Amino acid sequence: MKYFLSLAAVLCLIYSFSDFNTIQKGYTIQELRDLYGSGDQSLWPKPHLFDEAKEGFKDIGPLSKPEFPTDNPYSKEKEELGKMLFFDPRLSKSGQISCANCHDPELSWADGRRVAYGHDRQLGTRNAPTILNIAYAKEYFWDGRAANLEDQAKVPIENPLEMNFHSRLAVKTISKIKGYKEHFSKAFGDDKITEEKIVKAIATFERTIVSPKSKFDKFVGGEKDALTDSEINGLHLFRTKANCINCHNTPYFSDQKFHNLGLTYFGREYEDLGLYNISKKNEDVGKFKTPTLREVSQTAPYMHNGLFPNIRGVLNMYNAGMPNEKRNRDSPLAPHKSKMLEKLSLTDEELTDLENFLNTLHSYKYKMRAPQLPK
């Protein structure tokens with residue numbers, strides 16, 4: 001009896017002084033439905049966060065109204081002009097490639113390819129991400145080399161692998177099209193065509209491409225029956241055991257930070273050093289920007305190099321902790337995988353629930369027709 005009492009006392013002490021935040025409380029599906037579907041985010045179970053993810057963390061939830069920069073405010077006329085320019089192949093050297101080649105509204109504003117192709121059918125090295133909800137992004141491209149959408153719009157026009165046209169020549173070409181004069185005048189107050197006006201108009205149009213409410217948005221807004229039991233369990237796994245919330249947080253479902261997932265191919269064919277190419281900091285080798293997960297079920301393939309053709313393949317790799325790159329470890333540029341990646345031990349049923357939840361982030365249903373271009 002003495003032994004039993006002392007053991008019980010020890011157990012009480014252990015549970016009293018444990019960091020209770022690290023213990024996953026068990027919930028029934030009905031409890032999770034009531035908590036997550038309450039419309040009150042303060043009632044949600046606490047997410048499982050690594051220290052690295054805590055700075056700047058904001059939980060997932062519905063998107064707010066997109067904001068436009070003070071130096072490029074919204075106008076309907078500017079949006080309409082930007083739409084024309086976005087779909088106009090005359091901004092390319094060949095006269096056959098437009099922004100819509102890589103960001104096709106019929107393909108959820110991506111291109112469905114492993115890596116994009118451009119001028120003379122040349123293949124790029126990276127996957128073309130969707131521009132749906134791009135208004136909420138803070139840096140652009142997989143390596144963050146553009147600080148705003150206006151800067152981003154310039155790059156494909158001049159990139160020899162994409163539209164392969166000098167910006168000065170692109171401006172000259174558009175200036176020769178008489179039909180554009182009226183649209184520039186309405187959008188900017190005069191009909192002079194400049195590179196700055198072109199990219200501002202394109203950026204304005206891109207900021208209007210926003211998803212309507214998804215099943216997830218409706219559920220966390222208080223519609224408790226919007227999700228199935230499996231989807232609700234997937235949501236809870238996303239924020240806890242599966243660790244997804246550490247990188248895919250905020251209503252945009254991206255922390256907009258850069259992480260190494262072990263896919264650098266360092267010292268091998270297809271090597272891509274990611275953020276290092278821009279920052280030249282050794283610790284940035286192999287880091288890529290966290291993509292949004294909104295509409296993720298429609299924007300395969302995945303990762304910066306289009307490596308995974310489906311969501312389940314991505315989840316399986318995360319479940320295994322992602323690969324470790326073992327080559328050239330003595331090199332000062334040897335990449336280091338994020339410490340937030342660890343083996344998860346998710347069951348097949350849990351992986352299915354997680355995938356089902358990710359599918360609830362899809363809402364984009366309408367298709368946009370290309371506009372009639374000025375002549």
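**Helix α10 and its cover**

I looked up what covers the buried residues of α10, and the list includes α2 (29–36), α9 (215–220) and α13. The model is a predicted one. Helix α10 runs over residues 229–239 and is mostly covered, with 9 of its 11 residues buried. I noted the buried ones as S230, E231, I232, G234, L235, H236, L237, F238 and R239.

**L358, in one of the covering helices**

I then went to α13, which spans residues 348–359 and holds L358. Is L358 buried or exposed? I count L358 as buried because its relative accessible area is 6%, and the limit for buried is under 20%. Apart from neighbours within four places in sequence, L358 is in contact with F238, L293, V296, I311 and L315. F238 is one of the buried residues of α10. I also checked L358 against S297: they are 61 residues apart along the chain, and their C-alpha atoms are separated by 7.0 Å.

**D59 and the end of α10**

Next I looked at D59, which sits in the loop between α3 (51–54) and α4. Its side chain makes a polar contact with the side chain of R239, at 2.7 Å. R239 is among the buried residues of α10. D59 is itself buried, as its relative accessible area is 12%. Leaving out residues up to four places away in sequence, I listed Q41, W44, P47, R239, I245, T250 and P251 as touching D59.

I looked up where nonpolar residues gather. In soluble globular proteins, nonpolar side chains tend to be buried together. Here the largest nonpolar core has 41 residues, and those with the most contacts inside it are L85, F86, W109, I174, Y180 and I198. The elements giving two or more residues to this core are α4 (76–87), α5 (149–158), α6 (167–175), α7 (178–188) and α8 (195–207). Which element gives the largest share? I found that α8 does, with 6 residues.

I followed F86 further. With residues up to four places away in sequence not counted, F86 touches S98, C99, A100, H103, W109, I131, I202, F205 and E206. V296 had already come up as a contact of L358, and L235 as a buried residue of α10.

**E195, in α8**

I checked E195, which is found in helix α8. E195 counts as partly exposed because its relative accessibility is 29%. Beyond neighbours within four places in sequence, E195 is in contact with K154, S167 and V171.

**The loop between β2 and α12**

I turned to H304, in the loop between β2 (287–289) and α12 (311–319). H304 is buried, as its relative accessible area is 4%. Its contacts, leaving aside neighbours within four places in sequence, are T125, R126, N127, W142, L263, D272 and F288. P301 has its place in the loop between β2 and α12 as well. What kind of peptide bond joins A300 and P301? I noted a cis bond, with omega about 0 degrees.

**Two asparagines with positive phi**

I looked up N133, which lies in the loop between α4 and α5. Its phi is near 65 degrees, a positive value in a residue other than glycine. N133 is buried, because its relative accessible area is 0%.

N243 lies in the loop between α10 and β1 (258–260). Phi of N243 is also positive, near 65 degrees, and N243 is not a glycine. I count N243 as buried because its relative accessibility is 9%.

**The whole chain**

Last, I took down the totals. The protein has 13 helices and 2 strands. Its C-alpha trace spans about 95 × 55 × 35 Å along the principal axes. Of the 375 residues, 48% are buried. Among contacts with a separation of 6 or more, 70% are between residues 24 or more positions apart. The accessible surface comes to about 19,400 Å², and carbon and sulfur atoms account for 52% of it. I noted 53 positive and 50 negative side chains, with the centres of the two sets 3 Å apart.

Technical notes. Residues numbered from 1 in each chain as written. Predicted model: local features only at pLDDT ≥ 70, side-chain atom pairs only at ≥ 80, totals over all residues. Heavy atoms only, no water. Core = buried A, V, L, I, M, F, W, Y, C linked by side-chain atoms within 4.5 Å. Buried < 20%, exposed > 50% of the residue type's maximum accessible area, 1.4 Å probe, protein only. Helix = DSSP H or I, 4+ residues; strand = E, 2+ residues; numbered from the N terminus. Contact = heavy atoms within 4.5 Å. Areas by Shrake-Rupley, 256 points an atom, 1.4 Å probe, with all protein chains shown as cover. Lys, Arg positive; Asp, Glu negative; His and termini not counted. Charge placed at Lys NZ, Arg CZ, Asp CG, Glu CD. Polar contact = N/O pair within 3.5 Å; in protein donor to acceptor, adjacent residues only side chain to side chain.
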